[in-house]
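I opened the notebook today to look through one model, step by step.

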Amino acid sequence: MDSAPENERSSPTNGTDYAQVQQSAEFGELRSTFRSFAFPLTLGFIAWYLLYVLLSNYAGGFMATKVVGNINVAFVLGLAQFLTTFLIAWWYSRHASAKLDPKGEAIKNRLDGEA
């Protein structure tokens, strides 16, 4: 007796559908689109973060430079780290909605159609 609801799609027993999808050109394009956005952005952010850490450790005089009142360069760059994080998240969200989600949905629909 099957306890799963009738409207729920049963999963393949051996996973061959998923292996075929993973090897398809369509999935390769999706993966490539994701990687070409995520990897350079991640590397850029890590470099920006390490620059901030290195400046904090080795350029204390520069980081202590007053910008306005008691606000110094270290404070401005520290706030810029937070701003950069939120901007990257927003940018990725837009990128995923425009480029990744439609491709992923097409793959999903193709898989659902074959079930």
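The entries below go from the whole chain to single residues.

**Entry 1: the whole chain**

I noted to begin with that this is a predicted model. I then asked how many helices and strands the protein chain has. The secondary structure gave me 4 helices and 2 strands. Read from the N terminus, the order of elements is α-α-α-β-β-α.

Next I looked up burial and surface. The protein chain has 115 residues, and 17% of them count as buried. I found an accessible surface of about 8700 Å² for the protein chain, with 63% of that belonging to carbon and sulfur atoms. For contacts with a separation of 6 or more, I saw that 63% join residues 24 or more positions apart.

**Entry 2: the annotated spans**

The unreviewed UniProt entry carries the annotation "transmembrane region" for residues 37-55 and 67-92. What does the model show over residues 37-55, helix or strand? I got 100% helix and 0% strand there, with the end C-alpha atoms 27 Å apart. Residues 67-92 came out as 77% helix and 15% strand, and the end C-alpha atoms of that span lie 31 Å apart.

**Entry 3: aromatic pairs**

I moved on to the rings. A pair of aromatic rings is described by the distance of the centres and the angle of the planes. My search of the whole structure returned 3 aromatic pairs.

One of them is Phe34 with Tyr92, an edge-to-face pair at 6.3 Å centre to centre and 85° between the planes. Which parts of the chain does this pair tie together? Phe34 sits in helix 2 (residues 25-58) and Tyr92 in helix 4 (residues 73-114), so the pair joins parts that are 58 residues apart in sequence. I looked up the exposure of both partners: Phe34 is partly exposed at 33% relative accessible area, and Tyr92 is also partly exposed at 32%.

I then wrote down Phe37 with Trp91. The ring centres of Phe37 and Trp91 are 5.1 Å apart and the planes stand at 80°, so I logged this pair as edge-to-face, the cut-off for that label being over 60 degrees. Phe37 lies in helix 2 and Trp91 in helix 4, so this pair ties together parts 54 residues apart in sequence. Is Phe37 buried or exposed? Phe37 is buried, with a relative accessible area of 12%, whereas Trp91 is partly exposed at 45%. Putting the rings together, I noted that ring pairs link Phe34, Phe37, Trp91 and Tyr92 into a cluster.

**Entry 4: Asn72 and its surroundings**

I turned to Asn72, which lies in strand 2 (residues 71-72). Which residues does Asn72 touch, leaving aside neighbours within four places in sequence? I listed Met63, Ala64, Thr65, Lys66 and Val67. I also found a polar atom of the Asn72 side chain 2.9 Å from the backbone nitrogen of Phe75.

**Entry 5: Gly61**

My last stop was Gly61, found in helix 3 (residues 60-63). Gly61 counts as exposed, at 58% relative accessibility; the cut-off for that label is over 50%. I also took the C-alpha separation of Gly61 and Val73, which are 12 residues apart along the chain, and read off 9.7 Å.

Definitions and conventions:
Residues are numbered from 1 along each chain as its sequence is written. This is a predicted model: local features need pLDDT of at least 70, side-chain atom pairs count only at pLDDT 80 or more; totals for chains, interfaces and linings use all residues. Side-chain values use heavy atoms; hydrogens and water are left out. Buried means under 20% relative accessible area, exposed over 50%, partly exposed in between (1.4 Å probe, protein chains only). Contact means heavy atoms within 4.5 Å. Accessible areas come from the Shrake-Rupley method with a 1.4 Å probe; for residues, only the protein chains shown count as cover. A polar contact is a pair of N or O atoms within 3.5 Å; within protein, one must be able to donate a hydrogen and the other to accept it, and residues adjacent in sequence count only if both atoms are side-chain atoms. UniProt positions are given in the numbering used here, feature names are shortened, and annotations may be inferred rather than shown by experiment. Rings of Phe, Tyr and Trp (its six-membered ring) pair if their centres lie within 6.5 Å; planes under 30 degrees apart count as stacked, over 60 as edge-to-face and the rest as tilted.
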